[in-house]
Amino acid sequence: MGEDFFIRRISSVFITCAFTLAADPHMTRALKLMSETPLIDGHNDLPWQFRQQFNNELNKVDLNTLETTHTNIPKIKEGRLGAQFWSAYAPCEAQYKDAVRHTLEQIDVVHRMCQKYPETFIFATSSQGIMDAFSKKKTASLIGVEGGHSIDSSLGTLRTMYHLGVRYLTLTHSCNTPWADNWLVDTGSEPSEHHGLSPFGKKLIVEMNRLGMLIDLSHVTVAVMNQVLNLSKAPVIFSHSSAYSICPNKRNVPDDVLKRVNETRGIVMVNFYNDYVTCSETAKLSDVADHFDHIKKVAGVGTIGFGGDYDGVTRLPEGLEDVSKVPNLVAELLRRGWTDEEVKAALGNNLLRVLREVELVRDSLGSMSPDDVPIPYEEVKNPCRTSYGYRSAGAVHSLSTLALLLTLALQALVTLTAL
């Protein structure tokens with residue numbers, strides 16, 4: 001009797017799903033396109049939820065049944081998530097203190113998540129890695145570090161994080177670093193410290209190009225956006241930002257910058273947070289689609305991607321409540337007249353192109369030595385920082401001269417004694 005009921009129940013679910021798909025040809029087409037091209041999302045804060053809710057104790061978490069997050073394995077499957085940049089985030093309060101430790105622990109928790117659920121996730125660090133995972137019907141898992149304060153103004157730390165698998169750095173979060181201004185400067189609520197990037201900030205852009213690390217301009221000022229677009233040899237990304245003309249929040253991207261992103265072959269991955277979609281507490285799926293339409297109109301379809309910001313925000317649009325709902329947005333774009341190729345570009349082909357071009361720039365700079373000149377000590381001096389490694393060349397020269405003089409004096413003394 002129980003078995004018959006179970007069979008009838010499963011049959012009912014399949015019939016309902018089939019009826020739904022038949023009733024919405026746009027959804028049928030959306031799911032087909034998502035089976036052919038990986039949906040690549042630029043920003044998800046599930047690792048931060050691991051820290052907040054479980055102190056990163058993954059042994060206490062079952063991602064198959066977790067219901068206190070926007071993201072779990074069933075939702076990932078239903079949402080056809082092909083690849084995800086998981087955010088390794090440390091709060092601005094950790095700057096000058098333990099931000100590097102926090103960030104390393106967030107990198108670690110992403111690796112452990114992939115190890116715990118190998119049937120769902122494959123850790124990836126390249127465009128080819130994304131496609132390899134997609135061919136195996138698994139979610140490619142990449143890491144982005146959200147906030148330049150996480151490297152503590154150290155190019156050595158940046159390189160170490162790259163070797164641990166990090167493939168983008170968001171230059172700031174919602175605080176200035178010793179070398180870059182954050183988006184709050186444009187609101188007038190914080191003062192500019194660098195008029196964009198400091199000289200060290202500009203050196204960091206060069207080093208990121210050399211490494212093959214994506215430069216993420218979400219959270220920075222318009223001045224930083226333009227300076228980086230002038231400096232970078234590789235395309236840039238906005239991992240989770242929307243269109244300023246649709247919602248004039250300073251976290252979004254103005255039209256003149258959108259055009260420059262197109263000219264430099266970069267990508268803006270649209271954020272789903274209500275406050276950045278409608279500049280209010282409420283929003284609908286159609287409002288998010290308006291951002292896609294606007295960016296397509298202003299900068300071309302090659303400039304668009306998905307950057308939902310799931311598990312990092314508190315308010316999401318009706319129809320996009322968690323990662324399982326993203327096919328609804330794809331269907332909406334098709335309903336609005338987007339072609340199959342345009343949808344595939346936004347789903348993942350644009351990001352794959354950007355990543356491949358970043359990798360090509362890296363390869364072209366293979367003979368370039370790592371930049372090992374530290375940021376000037378006076379730019380980072382604070383009570384929590386020691387001065388080790390900051391002995392200046394002048395001091396070394398002075399010590400060498402003193403040693404030489406002492407040697408000469410001792411030789412003279414020996415000579416006099418001998419006489």
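Predicted model: local features only at pLDDT ≥ 70, side-chain atom pairs only at ≥ 80, totals over all residues.

Residues are numbered from 1 along each chain as its sequence is written, and side-chain values use heavy atoms, leaving out hydrogens and water.

**Stop 1: the disulfides**

A disulfide is a covalent bond between the sulfur atoms of two cysteines. Here it is taken as a pair of cysteine sulfur atoms within 2.5 Å, and searching the whole structure turns up two.

Cys92 is in the loop between strand 2 and helix 5 (99-116), while Cys175 is in the loop between strand 5 (166-170) and helix 8 (184-187), so the bond ties together parts that are 83 residues apart in sequence. (Helices, H or I with at least four residues, and strands, E with at least two, are DSSP runs numbered from the N terminus.)

Are these two cysteines buried or exposed? Buried means under 20% relative accessible area, exposed over 50%, and partly exposed in between, using a 1.4 Å probe and protein chains only. Cys92 has 19% relative accessibility, so it counts as buried, and Cys175 is buried too, at 10%.

Next, select Cys247 and Cys279, whose sulfur atoms are 2.0 Å apart. The torsion about this S-S bond is about 105 degrees, so the disulfide is right-handed. Cys247 lies in the loop between strand 7 (237-238) and helix 11 (255-263), and Cys279 in the loop between helix 12 (274-277) and helix 13 (285-299), 32 residues apart. Cys247 is buried at 0% relative accessibility, whereas Cys279 is partly exposed at 37%.

While you're on cysteines, click Cys114, which is buried at 7%, and Cys384, which is exposed at 58%.

**Stop 2: helix 6**

Now select residues 127-135, which make up helix 6. Which of its residues are buried? Colour Ser127, Gly129, Ile130, Ala133 and Phe134 to see them. As background, an α-helix has 3.6 residues a turn, so residues three or four places apart point the same way.

Show the neighbours of those buried residues: they pack against elements including helix 2 (25-36), strand 3 (121-123), strand 4 (139-146) and helix 15 (340-364). Just after helix 6, click Lys137, which has a positive phi of about 60 degrees.

**Stop 3: the cavities**

On a 1 Å grid over the protein atoms alone, a cavity is a set of points where a 1.4 Å probe fits but cannot get out, and its lining residues have an atom within 4 Å of a point. Volume is the space filled by probe spheres set on the points, which are joined across faces, edges and corners.

The whole structure has two cavities of 30 Å³ or more. Select Leu39, Asp41, Gly79, Leu81, Gln84, Tyr310, Val323 and Val326 to outline the largest, with a volume of about 60 Å³. Strand 1 (39-44) and strand 2 (81-89) each supply at least two of its lining residues.

How values were computed: 1 Å grid on protein atoms, 1.4 Å probe; cavity = no way out; pocket = protein on both sides within 12 Å on 5 of 7 lines; lining within 4 Å. Contact = heavy atoms within 4.5 Å.
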